[in-house]
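Me: Hello! I am new to this structure and would like to learn how to read it. Could you take me through a few features?

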Amino acid sequence: MTTSDVTIEEAGIQAGRPLLEIRDLAISFKTGSGEVQAVRNAHLTIMPGETVAIVGESGSGKSTTALAAIGLLPGNGRVAGGQILLDGEDIAHASEKRMIELRGNIIGMVPQDPMSNLNPVWKIGDQVKETLKANGRPSGPDDVAKVLAQAGLPDAGRRAKQYPHEFSGGMRQRALIAIGLSCQPRLLIADEPTSALDVTVQRQILDHLEKMTDELGTSVLLITHDLGLAAERADKVVVMYRGNVVEAGPSLELLQNPQHPYTQRLVASAPSLASRRIQVAKELGVSTEEVLAPRGSAAVKPALTEDVLQIQNLRKVFKMRAGFGKSTDFTAVDDVSFNVKRGTTTAIVGESGSGKSTVAQMVLNLLEPTSGKIIFDGVDTSALNTKEIFAFRRRVQPIFQDPYGSLDPMYNIYRTIEEPLRVHKIGDKASREKKVRELLDQVSLPQSTMQRYPNELSGGQRQRVAIARALALDPEVIICDEAVSALDVLVQAQVLNLLAELQSRLGLTYLFITHDLAVVRQIADHVCVMEKGKLVETGSTDDVFEAPQRDYTKALLNAIPGARLMLPPEVA
Amino acid sequence: MIQFVLRRLLQVIPVFLGTTLLVYFMVFALPGDPIRALFGDRPPSEAVIAQLRQQYNLDEPFWVQYGLFLKNLFTFNLGVDFTGQPIADTLARVFPVTAMLAIEALIIQGVFGIAFGLVAGLRKGGFFDSTVLVLSLVVIAIPTFVLGFALQLLIGVQLGWAKPTVGSNVTWGSLLLPAVVLGLVSFAYVLRLTRASVIENMNADYVRTATAKGLARRQVVMTHVLRNSLIPVITYLGASLGALMGGAIVTEAIFNVPGVGQKLYQAILRSEGPTVVAIVSVLVLVFVLANLLVDLLYAWLDPRIRYEN
């Protein structure tokens, strides 16, 4: 194939014609129960060189719209109506042959998850090479290395000979960006290109992507659930909700003056933008209806001075196999000390591999520390016998990240929540059922949920079930390991509000493990920043956010998408 | 890599000792006197029996018998069986026959199973897919001896396309019909395994990304779907090679193939300890080597699996 097949008339650019125009697009999926409309009347215009972001929660149809533009709808999906005009040519129903010509050459794609989008059995270089080859570009080793180097991959020549599993997440995403841009497409579809990455890496990757597309003059269609990120990176933002485009406009304008109720809620809940809300409300002692659910009046709070958890010089060393029975030590947690006051929320933040989850596992007594002490309510937890550990578990409960994996799919919700009560032999059948009903009320789930199974619930509902289960034993401390990271922004805000409300009502203490500083801002009183197993900074949330002492903390803060956006106070 | 292979080969030693000991013990524990059984209804004189017993060390306790067997083995002297033939000669005669049969069956199930499975997986829900699925279920459901006799009668006797039995003159062509029978059940499994694996991989993110790169469908399937889908299939094929070598007793009996299965069956009936153990020992080696080969293939197909250090 030669590139001349796919040349698109130059006239379009001069005449100010949009590169991509989506008109009245409707997409439907064939399911067991008939056709389901996933996208209705979608409109979108991207001018040459422009970056347009589609924002929405999962299931809003944002990815589906983007996939339709590159002809990659799943087998049961089809364009049911409307047009997708690529430089004037309607490609909504283009032949597969034409789409193969366009893909790579004219429309490139950077997919979402760097872990699953590279074929594990081929070298990175091979995967770049086949792209160049398929689109009729020179594809020698030097060309491959050049493409990878442009995407910011150091030592590209050697790296090209490695396999995906030898790359970190950030480097894989660079390789995917290299592939997406290797044939200098005129339009790049970037579907959540960084949502699986740490914030600091996310920042670097997006900066680099921006630089490259600016240099090449590539238009970008950015798909994201993060309004802050969209506003920061895109010229225009399109908000999708349940398959409809509900609002579109220049980024800042849309943020400052959202018209549609959904956009307003989204702006209000975006952690990266409205992060001060819960904090401010808490400090001022006021709560507003939509942000913070009403707190129980005069909840009996124990004195805040008592340190319910004292972590002292905690260390965890893992043995890594190095072959021949030899092993090297890997220090996952290195001399970490901090205290958690009763009734407060302490957040441990850090990137993946910083050791924050290892700390949580040791506090939960699921992992034995190499050295150091964890003192819970005055008692060293390492000295507990089996019976005492059983009693300890009653007082310290976890909520895990993945609401899909942490509930047993074969247990209905009643059985899930009742199980800890049964294990700890609390009450009889009738009183346990009463307790489960109460718990469901507390987490704002209807009591009819009891008879349902996890797969019938949404992610947010499941996380509420996980919270109810954690609360079943009336614990004092709850360890939340990335408890809201898997949730959509609005659902995340609801769950955070629920946690805040439960804390004030029940006097709970939270240890919150998260990589998301915006979430920390919303929920935590104290912050511990971890880097490579070490505690690099601790302090009250306000101090750390306002005057971070360490470069690492500053880098983390700077990397929050939308952090640099200036918004009028009534919005931020 | 070489270390891995060496370590795996060293593992053969305990496996070998363990299996031979076990098999030897089981043969030893069989009820009845093998020498008397040899003569059937007309028992020989006690003197003859005593002499034969001594010749085959049957008077000795179990450990001595097993020790003598091992000693002979390491001096490459497998001894003679009850008919006076050297066991080494017997092995040299039967194993090539079964190896030919097994290889032919393996090729049939591998090549056709993967090809049919790939096409069925790519056309999931279509006519070809549905037909092949139903037929494979039929093949799996029918026992080998029924299938064997049926094909023997139909193709061998009525249509006359092939010789109904193999006999002593073994050729690749004459083994084709038994190989088909032998490979048919595994063929159905390989087909289903490939199909499931292809369907799963067609939905993988990297396959979509490959399409987004502008690759033609053929390229996407050959480079990104097929290789990834072969990983579980290769494991199954490797394991089935061992089964084909040892488990062909029924098929060999139906088609009168003078192979391992037939010989092993006769030896068990006669309680010929040394012959049984010798055959089983070779089978153990075949199993271990086949598994090693699978592991190496596995590493070649999936670079995430590496055996060095």
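Reply: Gladly. Let's begin with contacts: two residues count as in contact if their C-beta atoms, placed from the backbone, lie within 7 Å. Keep in mind that this is a predicted model.

Me: How many residues of chain A are in contact with chain B?

Reply: On the chain A side there are 24, and they meet 21 residues of chain B. Helix 4 (residues 124–134) of chain A gives the most to that side, with 3 residues. By type, the chain A side divides into 12 nonpolar, 9 polar and 3 charged residues.

Me: Which elements does chain B have?

Reply: Chain B has 13 helices and 0 strands. Its C-alpha trace spans about 85 × 60 × 30 Å along the principal axes. Of the 309 residues in chain B, 35% are buried.

Me: How do I read the packing of two helices? What is the angle between helix 1 and helix 4 of chain B?

Reply: Angles from 65 to 115 degrees count as roughly perpendicular, and those over 145 as roughly antiparallel. Helix 1 (residues 2–28) of chain B packs against helix 4 (residues 62–74) of chain B at about 130°, with the axes 11 Å apart. Helix 1 of chain B is therefore oblique to helix 4 of chain B, and their crossing is right-handed.

Me: Which residues make that contact?

Reply: Helix 1 of chain B brings Leu21(B), Tyr24(B), Phe25(B) and Phe28(B), while helix 4 of chain B brings Phe62(B), Gln65(B), Tyr66(B) and Phe69(B). These residues divide into 7 nonpolar, 1 polar and no charged.

Notes: Residues are numbered from 1 along each chain as its sequence is written. Chains are lettered from A and ligands numbered from 1 in the order in which they are written. This is a predicted model: local features need pLDDT of at least 70, side-chain atom pairs count only at pLDDT 80 or more; totals for chains, interfaces and linings use all residues. Axes are lines fitted to C-alpha atoms, for helices over the stretch in contact, and angles run from 0 to 180 degrees between N-to-C directions. Helices (H or I, at least four residues) and strands (E, at least two) are DSSP runs, numbered from the N terminus. Angles under 35 degrees count as roughly parallel, over 145 as roughly antiparallel, 65 to 115 as roughly perpendicular and the rest as oblique. A crossing is left-handed if the near helix is turned anticlockwise from the far one by less than a right angle, and right-handed if clockwise. Ala, Val, Leu, Ile, Met, Phe, Trp, Tyr, Cys and Pro count as nonpolar, Asp, Glu, Lys and Arg as charged, and the others, Gly among them, as polar. A residue is buried if 20 or more other C-beta atoms lie within 10 Å of its own, exposed if 12 or fewer, and partly exposed in between; C-beta atoms are placed from the backbone.
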